[in-house]
Amino acid sequence: MHDGAVIPAAIVLSHYEQLERLRRTCPEAVPVAVVAGDPCLDQLRAALPFRPAYREALGVAPWQKLVLVSSTWGRDALLGSPARDTVRRALAELPADEYRVAVAVHPNAWFAHGPWQFRSWLAPLVDAGLLLPDPDTDTWKALLCAADHLIGDHGSLTLYGLALGLPVTLGAFAHARVAADSPMGRLGDLAPRIRSGHPLLAQLGAVPGTLRNLGGDVTSRPGESAALLRELFYTWLKLPEPERPATPRAVPLPPAVHPVRPVPCLPAQYVTVTHTPGGDALVRRYPAAPQGSERAHLAGAHRTADPDDPDRSLARSADVLLIPRGRAGAPDTLNARFPGHGLAAHEEPDGGCLALLPDGTRLRAHWPERPPWASFTLAASVLYDQVARHGAAELRSRVRVSEDMEPGLLVAVRA
């Protein structure tokens, strides 16, 4: 309003609920209000059938779950508040073979600090596997379509994720930034919160029943926004509309999303091996770099490292040394260089390994029918667990990296 007159030619709203709020707060503007739905949500819903293509482009394996962390801008956003540690916790506590983690950050936050500064802050987490899309692309939309869980705040991505059916957990939420009686305000009241001091994996559950209907409050005209907005614009222009239907644009396949920087040494990891009632070995691996003080998920873990990592402390404290194929170096020097290790695993062509124990014992492990997720590093950890529990015995074990996956058989014999 200015001097008693309504300034906009039209006020575009996504839901009739917003029209009622406008009627209460500025009734003079109601005649120019147009409920035209939400073009972004229409585009996201139209993209859902292509979810497998987005996941493949993002490098998410079929057996992996993608956790998307979203942050709007400002000091009370997820990355601007004490909850910023949520991204590190996700990388540290979610098993790396079973989960990928991505972060979508509002462009205002990127450009307030500068892209170089933002990437510099997040570089250690990117090195540990974080997917970080550029702010000037539609990759955040592909991430929403590809995600299995969303950790958000009071930004619009959180409500979009809920409308797409994603389980939503709040890492931060600023009630003062949103209208209390809006769908976003109700989301802040009802959605579960990330709790510090509690394992993160156990907090990624299904959508609470109280939230299921809230996603329907994002738009009153689902799938119609493109047609309604085009009709509005062409009416202003006093031009006939094109004959072709108005439909959402396809969400483009994402470009490279800053994958882990390619370095020649293998990353240091913590590995737990537990045994199911059926006798399977469940292997869970966690990157060593982002680990913090909350380490309940690492109970009973052993550590793996590359003996030639420039950070020598990693190999000196490792239980398992991992030597990729083609790496130069005499095996008999490992005992002298790293007297505390329990097993050194040399990669073999079939994804298995030749394991050398400090006492000279040799075990050769292989996958008779190698699953797509199997590797010599996994085989080495299963062998180390076997040696720690039963000594240098031969092995025939079904191995999993997720409770929901079919196991792969690993066989080891003395070499």
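**Reading salt bridges and strands**

Reply: This is a predicted model. At 22% relative accessibility, Arg221 falls between the limits of 20% and 50%, so Arg221 counts as partly exposed. Its side chain meets that of Glu224 in a salt bridge, with 2.8 Å from N to O. Glu224 is partly exposed as well, at 33%.

Me: Which parts does the salt bridge between Arg398 and Asp280 tie together?

Reply: The side chains of Arg398 and Asp280 meet at 2.8 Å, N to O. Arg398 belongs to strand E14 (residues 395-400) and Asp280 to the loop between E7 and strand E8 (281-287), so the pair links parts 118 residues apart in sequence. Asp280 is buried, with a relative accessible area of 3%, whereas Arg398 is partly exposed at 42%.

Me: How many salt bridges does a search of the whole structure find?

Reply: The search finds 24. Another pair is Asp308 and Arg327, whose closest N and O atoms are 2.9 Å apart.

Me: How are the two faces of a strand to be read, and which residues of E9 lie on each side?

Reply: In a regular strand, side chains alternate between the two faces of the sheet. In strand E9 (residues 302-305), His302 and Thr304 lie on one side, Arg303 and Ala305 on the other, and all are buried.

Me: Which strands are joined to E9 by bridges?

Reply: Strand E7 (residues 269-275) runs antiparallel to E9, joined by 3 bridges, and Val271 stands opposite His302. Strand E10 (residues 320-323) runs parallel to E9, with 2 bridges; there, Leu321 is the bridge partner of Ala305.

Notes:
Residues are numbered from 1 along each chain as its sequence is written. This is a predicted model: local features need pLDDT of at least 70, side-chain atom pairs count only at pLDDT 80 or more; totals for chains, interfaces and linings use all residues. Side-chain values use heavy atoms; hydrogens and water are left out. Buried means under 20% relative accessible area, exposed over 50%, partly exposed in between (1.4 Å probe, protein chains only). Helices (H or I, at least four residues) and strands (E, at least two) are DSSP runs, numbered from the N terminus. Two strands pair if DSSP finds at least two bridges between them. A salt bridge is a side-chain nitrogen of Lys or Arg within 4 Å of a carboxyl oxygen of Asp or Glu.
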